[in-house]
Amino acid sequence: MTTVATRRTDGVRRGSIRKGETASSWLFTAPVLVLLGLFLVIPILMALWVSFSDWGGRGSPFSAGVNFVGLKNYEAITSGGGLAEQNFGQSLRNNLWYVVLVVPIQTVVALVLASLVNNQRLKGRGFFRTAFYFPSVTSSVAITVLWLFLFNTTGAINKVLSWLGVHGPNWFNDPQGVLHAILGAFGVTSGPGALVSHGFLGVSWWDWLAGPSWAMSALILLAVFTTSGTFMLLFLAALQNLSGDLQEAAMVDGATSWERFTRITLPQLRPTLFTVITLGLIGCWQVFDQVYVATDGGPDGTTLTPAFLSYQASLINQDWGQGAAIAFILFVIIIVFTLIQRWVLRERAVSKRRRLNPPPVKVAGLPAGEAER
């Protein structure tokens with residue numbers, strides 16, 4: 001009886017301790033939760049209401065003069081058939097090319113730079129780390145202005161291309177897509193009728209396949225230049241935390257440097273790779289300041305992005321409902337792309353057959369069968 005009573009007393013004491021810890025944890029996190037609620041959750045909910053209303057930007061969006069319009073703002077940019085739909089479709093096309101090119105290039109460049117500065121045999125590694133990271137902490141406006149000078153018609157980039165016998169394009173004034181320009185060099189100036197006469201969101205499929213314009217291509221290079229340094233640090237931190245035992249074992253087994261990188265190093269970098277790609281996707285879909293400073297959406301809307309279009313609709317045209325609708329569609333797009341890349345980079349279970357019959361180990365200088373024996 002004494003033992004049972006002691007156990008009950010201990011159970012009550014542990015329960016009271018857990019309750020006290022729970023109350024303390026809520027007490028310590030309450031200030032952060034309040035700040036998040038005031039400056040994150042409430043503004044998001046207000047913006048969601050604005051996307052379903054006809055608020056014009058004056059007064060409170062919850063005043064009596066603001067009416068609920070349902071999906072009218074969303075329909076105007078997705079199926080309205082007017083300029084709003086065409087601009088939104090064009091902005092999605094531009095931003096999609098931007099994402100497709102920037103995310104993989106900046107990820108590969110960042111990984112290569114991290115591998116270089118992580119090499120113990122490299123002299124002056126501190127200098128190179130600083131040099132590679134410096135563009136990431138420099139003002140994006142300042143670098144964008146510099147880019148305008150470099151990619152000017154008579155700028156340094158076209159000058160270097162002229163030394164190679166290449167006539168540089170009119171970077172920030174030519175609205176033609178890069179792929180269309182390449183096809184035009186081979187005499188293809190118009191697309192098939194099926195691609196020209198059909199499209200999506202007011203933009204023909206032929207224009208969807210035009211590729212980024214020369215101006216957007218310059219902004220793509222700008223994004224890779226300014227963001228690779230930040231992601232390099234993430235990869236570098238991950239590389240320095242990897243154990244060298246597997247590398248040494250692979251070297252003993254005769255694995256080449258490429259095999260060690262692809263089969264040992266890269267799989268261990270999967271969490272960091274997921275973080276880098278996720279941050280890259282979010283940043284690329286939210287690109288705004290470079291477009292605002294460099295092109296203002298031109299030439300001919302070929303650098304227009306959903307984030308810049310939302311700004312134009314809200315602050316320039318005072319159509320806050322439509323601007324909020326664009327922002328929430330962009331939010332959904334980011335979530336979908338993040339889920340897709342998370343599914344692609346997920347840990348895959350090893351099949352039972354592969355576990356029972358592992359591939360033979362290759363040792364340098366010996367056939368696979370002899371290596372197993």
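## Overall makeup

Of the 373 residues in the protein chain, 33% are buried (buried means under 20% relative accessible area, exposed over 50%, and partly exposed in between, with a 1.4 Å probe and protein chains only). This is a predicted model, in which local features need pLDDT of at least 70 and side-chain atom pairs count only at pLDDT 80 or more, while totals for chains, interfaces and linings use all residues. Residues are numbered from 1 along each chain as its sequence is written, and side-chain values use heavy atoms, with hydrogens and water left out.

The secondary structure comprises 18 helices and 2 strands; helices (H or I, at least four residues) and strands (E, at least two) are DSSP runs numbered from the N terminus. Among contacts with a separation of 6 or more, 67% join residues 24 or more positions apart, where contact means heavy atoms within 4.5 Å. The protein chain exposes about 22700 Å², and carbon and sulfur atoms supply 66% of that area (Shrake-Rupley method with a 1.4 Å probe).

## Annotated spans

An unreviewed UniProt entry lists residues 26–52, 96–118, 130–150, 214–239 and 324–345 as "transmembrane region". Such annotations may be inferred rather than shown by experiment, and the positions are given in the numbering used here, with feature names shortened.

Residues 96–118 are 96% helix and 0% strand in the model, with their end C-alpha atoms 33 Å apart. For residues 324–345 the figures are 95% helix and 0% strand, and the end C-alpha atoms lie 32 Å apart.

## Second largest pocket

The second largest pocket has a volume of about 630 Å³. Of its 17 lining residues, N118, L239, Q247, F261 and T265 are the closest to the centre. A pocket here is an open set of points on a 1 Å grid over the protein atoms alone, where a 1.4 Å probe fits, with protein on both sides within 12 Å along at least five of seven lines; lining residues have an atom within 4 Å of a point. Grid points are joined across faces, edges and corners, and the volume is the space filled by probe spheres set on the points.

Helices α10 (214–240), α11 (245–252) and α12 (257–268) each supply at least two lining residues. The largest share, 6 residues, comes from α12. By class, the lining holds 5 nonpolar, 10 polar and 2 charged residues (Ala, Val, Leu, Ile, Met, Phe, Trp, Tyr, Cys and Pro count as nonpolar, Asp, Glu, Lys and Arg as charged, and the others, Gly among them, as polar).

T144 lies in helix α5 (residues 140–150) and is buried, at 1% relative accessible area. Neighbours within four places in sequence aside, T144 is in contact with L222, Q290, V293 and A294.

T275 belongs to helix α13 (residues 270–285) and is partly exposed, with a relative accessible area of 36%. Between T275 and R342 there are 67 residues of sequence separation and 9.7 Å in space, C-alpha to C-alpha.

## Backbone details

The G298 to P299 peptide bond is cis, with omega near -5°. P299 sits in the loop between α14 (289–294) and α15 (306–316). D300 lies in the loop between α14 and α15; although not a glycine, D300 has a positive phi of about 60°, and at 63% relative accessibility it counts as exposed.

L201 is not a glycine either, and has a positive phi of about 55°. L201 is in the loop between β1 (199–200) and β2 (203–204), and is buried, with a relative accessible area of 9%.
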